[in-house]
Structures are given as structure tokens and as C-alpha cells.
Amino acid sequence: MRIKIFSVCGSMDVLQDQWKEMLPVIEGLIRGCDFLALDMEFTGLHSLAPGQQPSLFDCASDWYKKARRSVQTFSVCQIGLSTFCKQDCNRFVAHSFNFYLFPTTFARMDSEFSIQMSSAVFLSGFGFDFNKFLKEGIPYMNEEQEARFLYDYRQGNWRVHSVLEKDSLKKAIEQVTSWVTSASIGDTIILQDIKGFQQYNVQLVLRQALPDVWTMPLGDEVIVQKVLPRQRWQMERNNLNQCSKEQVLISALGFTIIFRAIVAAKKPLVGHNMLMDLLHLHDKFYRPLPGCYEEFKKNIHTLFPVIIDTKTVVKAVWKELQFPRAGNLVEVNNLLNSNLNPALPSSPLIIHAPNCSKYAQDECPHEAAYDAFVCGSVLVKLCHILLVKHQMEMEDPQRPFSRYMDVIADHVNQVNLIRAGVSHINFSGEDILSRRPPVLLVSIQGWPRVDEEQLYREFKTICSLDVKRLGERRFLLLVTKFKGMRAIRQEYKNHPHLRVCKYGYWKHSSLVNCILRVCGVLLTWSAVAFALGSSPTCEM
């Protein structure tokens, strides 16, 4: 099969009709690299259902429960994979691939997912090709779906769901049945414009219905040949049988095979703000996300023992390295490639492989392979700066990649968590509580029927925050930074309707206050009863 490469200057998009041909090369790159960088694009990010938005009030397990529902709602539409291989001459070679994905549809398997309009507009604005996603996406499934698929295969259930595929299958059956009655042994007929899994559906149905035909795929066509029963028996047992259980399963698994190669290689997995990526990897290619947060952590650590989130590393070392503030991954990469980087002259050279050179000339933000490549490049440059700064190491062509890992050992398996009560998740141990600004209590005076949304709009111009109702006239505020907390307290120091103070559980909790009031009443009655019981008895 000819490998189609949709490219500008050698960047590679991998689609449904070519991934199997490229699989040995990709598996070899995964096994031979020093680390893999990964990025994903989704049809949506967070569910907009009431109460499902991430909040600063969420602990890690609460955040996970909300994110789990979102992951089950949306789909992966593109995965970018960039393999980095360290060479002896102080350079890394990167191979980058864009995989367009679309869920497996076969027999009873017919997935449902949502598309968030904001995500669709966002992707479209950065040139995402929705035709490749919908028409040429590589299938995938997790272990639970694989079990259902194999059951359907053994039961001979080839039922087709979509109207388009039903019409195509009906047309193919009518064409072959009208031909086969007058055809001689050895004659062939070609069914045209049959792609992807439709080829398997057509072949399996024809072979099941007509014992004197044999089918063979060829590009976007299926060749049907009239054969003798003995020939048919021999062909079914031939290793070249394109519709054997093994071949059908390989096609149905699709990108899941590459996922399993990544898991088997146990190479360091690198991403940027990659928690949603890990959630989707587990749900789409391994198993449905468990209800238990700790079980999810355990599974991910088993699949990927070494995870590096460049967002976590940047947050930890950026201020120390005295770089200007960077708002996103591309800005981080640009600063590391600028003269502001004191270690730039001795930094390792990162080059693109011959078939993956598009990104040497063009920036393509939010194209998954480009973001994966930039993420890996940022990791290499950050590690080099830290080696120079802390270890006083300069250029060393023989330096093994393990030295890079040693200098960021404290940040391994620490994945950034956006908008929650903790700053990151520790996949190799207990989550560490973050130092966050204290909770603020807002008491309302003379402002009728106020709600969380009104208060949020009131304070959001000062800093990023979340609001939670505590009582009829009281609300809790959580802000992301200490300076935001101080600004709110200063700004509303003498406000006529809003009183802002630090929240204290024992002082302000409704439950504690209720218990204290009940205890006060009980103590009062106990004192009265004691006083009455100890007074002199009146004689009659």
C-alpha cells in the first residue's frame, strides 16, 4: 500500500488507509527513543452541566469526578506524537506524527460523543481539518470494547448501523449476486469506492452469504472472484486472508496498537498540562475511567511509570531562571530559544527527521504533533539550563539522557492540576497539599437576592476566583494568588454592602454555630435543672 503523506515540507499526517503500513516504523521509533512527547486535541474540554465546572474548592478527587464525566462526553480527534532520540554529537533527532482518530464503528459498536462549539471554533481557527477527522480518522477502542467486538465477531454479527453504509452494502450485494449466477470460475468483479471498515463489512457479508466467492481488498476497491469450494477452503486457511479474525481485530484496534506499544516501551512520557490527556488515554485506549480517583492514579502509574509535565517544571523553575512571564508553551519555547537564555550557546541541537521537517520553518500552534514537538524541545532546553546552573556542566556530547532526568527528578510524576484545591497530582505517591491563599468570607448587607454569579462578576475584575454559597447572606471566596486576596480585602474594606474577612471554620461554620447554640441551650437547661434540684425542699 502506498503511504500518503499530507505535508508541507515533510510533516506527516497519519490517516486510516496508511497507519498499518507505517506501524513497524512507528513502533521502532517508540522502542528506540529516549522519550516521547504527546499532545491531544478533543471535541470538547469540560462539561457545562450545572455543578460540573472545575472549582478552586475542589479537592483532587472531586475534580476527578467532574473531569471523568467530561471525558466520557467528548472524544479525541487528534493525537500528536514526537519521539526524541539523543545522539552522541550533542543533538536530539525528533520524529513527529499527527494521528487523526475516529471511534471504531463495527457491528453493534456505535459510539456517541459531543462536540463543544467553543472547541470546534477554536480548532477551526487553527486550521484543524474536520474532514480528515470524520472521514479518514484511525479507529480505536479500549479493552472493554475489544471484548464486545470479539464476541460479535464470533457470533457472526456484521449488522451495519449507518444509513450510508447500509446503502453501500445493499448495492454491493445486489451487484455481486446478479453477477455470480452467470460468472465462470476465475471470473472477477471490482466493487469501487469502498473504504475503511466498510471493506470488512462488505467482505464478511459476501463470504457468509455466497460460498462460491472470494474477496480481496485493493486500495479503495474490493475484488470479488468466483471460486470452487475447495479453493475457498484453502483461501480461508491462507495466511494472506485479509478478513481473518486477527486482521479484522488489528484494523479495529487501530491507534490502540500504538498506545500499547507506548505502554510496553516504558519510555518517559512528556506532555504540557497533560492531565486531560492522561484521562483520555485511560478511557479511550485502556479501560473506562474508574469511579475511584486512587484507582485511576494507580492505573496511570502502572501504564506510564515516568511522566513529565513541562507545565509543572516551568512553574517550579521559571522564577529562579529569571525569565519574563510566559503565557503558554510556545512563548516558553521562544524565550528558551532567545538570547535571554544564558545556556543557549551550549544547548543541544534539536533537529527534525527528514520526513518531519515542516516545523523547522513554520509554527503550527494547536496542531497536536507541533505541540508535542515543542513540549519535548522545552524539556530538553530546561534540563540543559538546570545542568549548567546547578551542576556547572557545559556542552558534553557524551552526556547520556539519564543526566537530564536526574536534574528534574523532583518533578517526575507531578502533573499540573488546573483550577482545584491542589496545584498538582502526584502519580507516584500521596498528593501534597498546596500553599494557597486562605478562604474569604463575604457577608451581604442591603443587597437583596444576590447569588454566586453576581458576586463572581463583582470580583472577577480584580483576580481569578471562585464563589460558593455558605448561607442565605454569606458566601465563600477562593482566589488563585495571595496578591488577589489582599487586593479584594483592601478594595472592599469600607464597602457599604459587602463585608470581607478571612474565613475561620470554628468561627463561621453554620454547622459549628448550630452545634454551639444547641450545646448552649443544653448547658443552660442543665444549669437550671441543677439549681432547682439542689435548692431546699419546701415542707408541707
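Arg207 lies over the face of Trp214, 3.7 Å from the ring centre; a charge counts as sitting over a ring if NZ of Lys or CZ of Arg is within 6 Å of the ring centre and within 35 degrees of the ring normal. The model is a predicted one, so local features need pLDDT of at least 70 and side-chain atom pairs count only at pLDDT 80 or more, while totals for chains, interfaces and linings use all residues. Residues are numbered from 1 along each chain as its sequence is written, and side-chain values use heavy atoms, with hydrogens and water left out.

Trp214 also has a place in a sheet pairing, where it stands opposite Gln225 in β7. Helices (H or I, at least four residues) and strands (E, at least two) are DSSP runs here, numbered from the N terminus. Two strands pair if DSSP finds at least two bridges between them. Six bridges join β6 to strand β7 (residues 221-226), and the two run antiparallel. Together with β5 they make up an open sheet of three strands, ordered β5-β7-β6 and paired in antiparallel fashion. β5 (188-191) and β6 (213-218) stand at the edges with a single partner strand each, so one side of each is left without a neighbour in the sheet. On average, neighbouring strands of this sheet are turned by 20° against each other, direction ignored; the axes behind that angle are lines fitted to C-alpha atoms (for helices over the stretch in contact), and angles run from 0 to 180 degrees between N-to-C directions. As background, strands of a sheet pair through backbone hydrogen bonds, either parallel or antiparallel.

Now for the aromatics. A search of the whole structure turns up 26 aromatic pairs. Rings of Phe, Tyr and Trp (its six-membered ring) pair if their centres lie within 6.5 Å, and planes under 30 degrees apart count as stacked, over 60 as edge-to-face and the rest as tilted. Phe92 and Phe401 have ring centres 6.2 Å apart and planes at 80°, so this pair is edge-to-face. The pair links distant parts of the chain, with Phe92 in strand β4 (residues 91-100) and Phe401 in helix α17 (residues 401-407), 309 residues apart. Buried means under 20% relative accessible area and exposed means over 50%, with partly exposed in between (1.4 Å probe, protein chains only). On that scale Phe92 counts as buried at 0%, and Phe401 counts as buried at 9%. Another edge-to-face pair is Phe102 with Phe113, whose ring centres are 6.1 Å apart with planes at 80°. Phe102 and Phe113 are both in the loop between β4 and α3 (117-125), 11 residues apart. Phe102 is partly exposed, at 23% relative accessible area, and Phe113 counts as partly exposed at 27%.

Elsewhere, one aromatic cluster is formed by Phe97, Phe99, Tyr140, Phe255, Phe259, Phe285 and Phe304.

With eight of its 11 residues buried, helix α10 (residues 255-265) is largely enclosed by the rest of the structure. Just after α10, Lys266 takes a positive phi of about 55°.

On to the charged pairs. The whole structure holds 13 salt bridges by the search used here, each being a side-chain nitrogen of Lys or Arg within 4 Å of a carboxyl oxygen of Asp or Glu. Asp283 and Lys284 meet through their side chains in one of them (3.3 Å, N to O). Asp283 counts as buried at 10% relative accessibility, and Lys284 counts as buried at 9%.

Glu236 and Arg232 form a salt bridge at 2.8 Å, N to O. Both lie in helix α8 (residues 229-236), four residues apart, about one turn of the helix. In general, an α-helix has 3.6 residues a turn, so residues three or four places apart point the same way. Glu236 counts as partly exposed at 37% relative accessibility, whereas Arg232 is buried, with a relative accessible area of 9%.

The side chains of Glu367 and Lys358 also meet in a salt bridge (3.4 Å, N to O). Glu367 is buried at 19% relative accessible area, and Lys358 counts as buried at 13%. Salt bridges that share partners join Arg232, Glu236 and Arg237 into one network.
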